[in-house]
Amino acid sequence: MPDLTACDAVLFDLDGVITPTAEVHMHAWRAMFERLFADWGVEPPYTDSDYFDHLDGKKRYDGVASVLRSRDVEIPWGHPSDPPEADTVCGVGNRKNVVFSRILEEEGIQPYPGSIALLDALAAAGTPVAIVSSSKNARDVLTAAGVIDRFPVIMDGVVAETEHLPSKPAPDVFLEAARMCGVEPARAAAVEDAISGVQSAAAGGFGLIIGVDRGAGAEPLSQAGATIVVSDLAELVPSSTH
Ligand SMILES: [Mg+2]
């Protein structure tokens with residue numbers, strides 16, 4: 001196993017790498033659609049298979065439109081600035097985001113223990129760490145997980161939008177995070193669970209790319225450019241730190 005403490009910095013994706021965020025998204029979609037379907041008298045009721053059939057991996061508004069279409073419900077698309085009460089595709093999508101934030105705040109989110117163990121080892125070695133996430137909720141997730149103070153550099157969906165950076169698999173977000181850390185990508189490591197994320201780090205020329213297999217598959221992650229693939233970041237904790 002490579003020694004990440006020898007890198008000039010280690011850049012972590014967030015969702016699926018530090019926290020099991022997908023579970024909170026599933027929960028939020030379920031809570032939001034159960035309420036909406038009850039209020040609107042929509043049948044059949046929402047189930048978790050709707051998540052996998054219509055929502056998983058899709059942009060939020062596209063997912064909403066897909067679920068509603070499956071129930072023959074037609075509403076206007078609206079605009080991303082629509083309030084969460086608006087009965088438009090964008091309004092319903094924004095409603096889900098409000099529910100997501102509420103669940104995070106009320107229930108918190110437990111980071112993966114193996115990821116915390118690796119962060120502890122990196123902190124002990126003085127190795128700088130950063131977050132590189134496409135999510136606009138990254139700061140809320142990091143706060144709910146109690147780990148935001150561990151990351152002096154957070155390159156998230158909000159920063160990317162402000163700086164007009166194209167999203168993964170383009171290398172821009174990883175390169176900008178490396179620049180913010182003051183390190184050369186070739187001397188830094190990237191940790192990712194998504195194919196597009198691994199492709200982004202590979203395109204950026206990162207010296208070490210760790211794929212974390214949370215379902216994407218070891219082979220596809222390697223094909224995308226991962227140097228090695230682990231199933232949990234605990235595998236990368238040095239056995240002796242003396
Ligand atoms: Mg991820």
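**View 1. Asp72 sits in the loop between H3 and H4.** Helices here are DSSP runs of H or I with at least four residues, strands are E runs of at least two, and both are numbered from the N terminus. The model is a predicted one, where local features need pLDDT of at least 70, side-chain atom pairs count only at pLDDT 80 or more, and totals for chains, interfaces and linings use all residues. Residue numbers start from 1 along each chain as its sequence is written. Asp72 has a phi near 55 degrees, a positive value in a residue other than glycine. With 8 other C-beta atoms within 10 Å, Asp72 is exposed. (Exposed is 12 or fewer other C-beta atoms within 10 Å of a residue's own, buried is 20 or more, and partly exposed is in between, with C-beta atoms placed from the backbone.)

**View 2. His164 is found in the loop between H7 and H8.** Phi of His164 is near 55 degrees, again positive in a residue other than glycine. His164 is exposed, having 7 other C-beta atoms within 10 Å.

**View 3. A cis peptide bond links Glu43 to Pro44.** Its omega is near -10 degrees. Look for Pro44 in the loop between H1 and helix H2 (48-55).

**View 4. Helix H4 covers residues 89-107.** Its 19 residues reach 27 Å from first C-alpha to last, close to the 27 Å expected at 1.5 Å a residue (the expected span is 1.5 Å times one less than the number of residues). Among its buried residues are Val92, Val99, Phe100 and Leu104, along with Asn94, Arg95 and Lys96. The buried residues of H4 pack against helix H1 (21-40), helix H3 (60-70) and helix H6 (138-144). Just after H4 comes Gly108, with a positive phi of about 65 degrees.

**View 5. Strand E5 (residues 208-212) is largely enclosed by the rest of the structure, because five of its five residues are buried.** Leu208, Ile210 and Val212 point one way, Ile209 and Gly211 the other. Strand E4 (residues 189-192) runs parallel to E5, joined by four bridges; strands count as paired if DSSP finds at least two bridges between them. Val191 is the residue opposite Ile210.

**View 6. The largest nonpolar core has 70 residues.** Such a core is a set of buried Ala, Val, Leu, Ile, Met, Phe, Trp, Tyr and Cys residues joined through C-beta atoms within 7 Å. Ala9, Val10, Leu11, Phe12, Ala130, Phe174 and Ala189 touch the most other members. Domain 1 (4-20 + 111-236) and domain 2 (23-107) both contribute residues, so the core lies between them; the domain bounds come from an automatic or database domain assignment. Leaving out residues up to four places away in sequence, Ala189 touches Leu4, Cys7, Val10, Leu11, Phe206, Gly207, Leu208 and Ile210, where contact means C-beta atoms, placed from the backbone, within 7 Å.

**View 7. Thr5 lies in the segment before strand E1 (10-12).** Thr5 counts as partly exposed, with 18 C-beta neighbours inside 10 Å. Beyond its neighbours within four places in sequence, Thr5 is in contact with Ala121, Leu122, Ala125, Thr127 and Pro238. The C-alpha atoms of Thr5 and Leu119 are separated by 9.9 Å, though these residues are 114 residues apart along the chain.

Notes. Contact = placed C-beta atoms within 7 Å.
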